[in-house]
Amino acid sequence: MVKNAPLRHQKGEFNRQQEANVVAETFLSDAWFDAVEKLRAEIGDIEAPAAMKDLKLNLVVTGGPDGDKEIHLDAGNFAKGLVDGAPTKLTVPYDTAKGMF
C-alpha cells in the first residue's frame, strides 16, 4: 500500500479509519487479531494475489511485548497458531516481523 494514497471504501477494500484501528493495537496482540478479524468481516473476502494463493508459512515471532507468538500466513491471511502442511517455519524477532508485515 502506498502511504497517503486514497483508499475507496467498498467490499474488498478498506479505508484509513479501518487501517488506523488495526495499527492502533499492539502488533500480534489479541486485540490486534480482533481488529484484523473485524476488518475482514467489514470488507469481506479479498482474493490473494496469484503468487500467494498456495503460500503457507509458519512463523514464530520472538521477543514481543506479549512474549513469543506462533502464527501462520495462509493464502495471504494471518492467523494465530501454526498450520499443518506449511513447508517452512520461520523464526524472527518481533521488530523484524513488524517491519516485514
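**Exercise 1.** Determine in which sense strand β2 and strand β3 pair, and over how many bridges.

*Solution.* Strands here are DSSP runs of E with at least two residues, numbered from the N terminus, and two strands pair if DSSP finds at least two bridges between them. Strand β2 (residues 67–74) and strand β3 (residues 77–80) are joined by four bridges in the antiparallel sense, with L73 facing F78 of β3 as its bridge partner. Two residues lie between the strands of this hairpin, and A75 in the turn has a positive phi of about 55°.

The model is predicted, with local features requiring pLDDT of at least 70 and side-chain atom pairs pLDDT 80 or more, while totals for chains, interfaces and linings use all residues. Residues are numbered from 1 along each chain as its sequence is written, and side-chain values use heavy atoms, leaving out hydrogens and water.

**Exercise 2.** Find how F27 and W32 are arranged as an aromatic pair.

*Solution.* Rings of Phe, Tyr and Trp (its six-membered ring) pair if their centres lie within 6.5 Å, and planes under 30 degrees apart count as stacked, over 60 as edge-to-face and the rest as tilted. Searching the whole structure gives five aromatic pairs. For F27 and W32 the centres are 5.1 Å apart and the planes stand at 75°, so this pair is edge-to-face. Both residues are buried, where buried means under 20% relative accessible area, exposed over 50% and partly exposed in between (1.4 Å probe, protein chains only).

**Exercise 3.** State whether F78 is buried or exposed.

*Solution.* F78 has 13% relative accessibility and therefore counts as buried.
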